Amino acid sequence: MRPLIAIPARFSATTSALRFAAEVNARALVEAVWRAGGEPVSIHPADAEVASRLSRFDGVLLPGGGDLAPHRYGAPDTHDSVYDVDDLQDTFDLEVARQALHLGLPLLAICRGLQVVNVALGGTLEQDMGGPEREHRHVVHPVALEAGSVAAEAAGAEKVEASCFHHQRVDRLGDGLRATARAADGTVEALELPGAHGWFTAVQWHPEDTAHADPAQQGFFDVLVRAARTGS
C-alpha cells in the first residue's frame, strides 16, 4: 500500500480544462511523490478539523504558492510586491504546519511551505528581497547543505543545484528552527527542527522542478515517503 501524502491544494482563479476556478497542485510535485512510492492526495483548504483530517494521512507536503499576508507575522504594512494572498489559504496552511509537527507526521515544506512553517513557529519574513536584481525567480544556483543535516541526508549530498522562484525569504527564525543551508547572498535555503517528533525538513527552492532528472532533488520526496511508510 502506498502511504498517503496530504498536499494542501492551491486556489486557482482560472483553469481552462475545468472551465471555472479550481483547487490545484503542481503536476511535477505530484509526480515526484508518486515516483517515491507515495499516494499524493490534494486536500481542501478549510479552517476546521485540521488535526483530525491530517490524522488519517501518513505524511504531509506543504507546497509552494502565493505570499502569506504580512499581518500573519506582525508586519505593520504590506509591500507592493506581495501577491496572491488568500486568508483561508493562510489560515489552513499555518494550522497544517502546526498540527503536522505536533502529531509527528513526516513533513516536507517547499518554498512558501518553508515560510509557512517559519511563521507558524513565530518567525518573520522579509517581504521583498530587493527587486528583480536581487530576488530568486527563475534562478538555478548552487546551495551548500550543512553536513549531517536532515536536508543533506535526504539529498545524499552536501551541495545541490537549486531551482528557485521566490521574492521573499526568512527574516527571523521561528522558535526552535535551525537554518541548515544558505545561498551566497545569505538567504536561508533549508530549515530543520531539532527534537521534532517526526521527520521534517523545509527547503526554500523547488526540488520538484528537477527531481525527474536529479536524484538529489528526488531524494527529498523519497525520504518523505519512506518516513511516512515507517511512521518515523
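Where is His138 found? His138 sits in strand E8, residues 136-145. Keep that residue in mind. One caution before I go on: this is a predicted model.

Back to His138. Its phi is positive, about 55 degrees, although His138 is not a glycine. Most residues other than glycine have a negative phi. Is His138 buried or exposed? It counts as exposed, because its relative accessible area is 72% and the cut-off is over 50%.

Glu49 also has a positive phi of about 55 degrees, and it is not a glycine. Glu49 lies in the loop between strand E4 (39-43) and helix H2 (50-54). Its relative accessible area is 60%, so Glu49 is exposed.

Now a glycine. Gly122 follows helix H4, and its phi is positive, near 95 degrees. H4 itself, residues 112-120, is mostly covered: 9 of its 9 residues are buried. Among them are Arg112, Gln115 and Asn118.

On to charges. How many salt bridges does the structure hold? There are 12. Side chains of opposite charge can pair when their charged atoms come close.

Take Asp93 and Arg10. Their closest N and O atoms are 2.9 Å apart. This pair links distant parts of the chain: Asp93 is in helix H3 (residues 87-103), Arg10 in strand E2 (residues 10-12), 83 residues apart. Asp93 and Arg10 are both buried. Both also belong to a network of salt bridges, along with Arg72, Asp87, Asp90 and Arg112.

Helix H3 holds another pair, Glu95 and Arg98, 3 residues apart, about one turn of the helix. Their closest N and O atoms are 3.6 Å apart. Why does that spacing work? An α-helix has 3.6 residues a turn, so residues three or four places apart point the same way. Glu95 is partly exposed at 25% relative accessibility. Arg98 is partly exposed too, at 37%.

One more salt bridge: Arg178 with Glu192, 3.1 Å from N to O. Arg178 is in strand E11 (residues 178-182) and Glu192 in strand E12 (residues 188-192), 14 residues apart. Arg178 is partly exposed at 32%. Glu192 is buried at 8%.

Last, the rings. The charged end of Arg2 sits over the ring of Trp34, 3.5 Å from its centre. The model has 1 aromatic pair. That is Trp205 with Phe220, edge-to-face, 5.8 Å centre to centre, with 80 degrees between the planes. Trp205 is in the loop between strand E13 (200-203) and helix H6 (215-230), and Phe220 is in H6. Both residues, Trp205 and Phe220, are buried.

Definitions and conventions: Residues are numbered from 1 along each chain as its sequence is written. This is a predicted model: local features need pLDDT of at least 70, side-chain atom pairs count only at pLDDT 80 or more; totals for chains, interfaces and linings use all residues. Side-chain values use heavy atoms; hydrogens and water are left out. Rings of Phe, Tyr and Trp (its six-membered ring) pair if their centres lie within 6.5 Å; planes under 30 degrees apart count as stacked, over 60 as edge-to-face and the rest as tilted. Helices (H or I, at least four residues) and strands (E, at least two) are DSSP runs, numbered from the N terminus. Buried means under 20% relative accessible area, exposed over 50%, partly exposed in between (1.4 Å probe, protein chains only). A charge sits over a ring if NZ of Lys or CZ of Arg is within 6 Å of the ring centre and within 35 degrees of the ring normal. A salt bridge is a side-chain nitrogen of Lys or Arg within 4 Å of a carboxyl oxygen of Asp or Glu.
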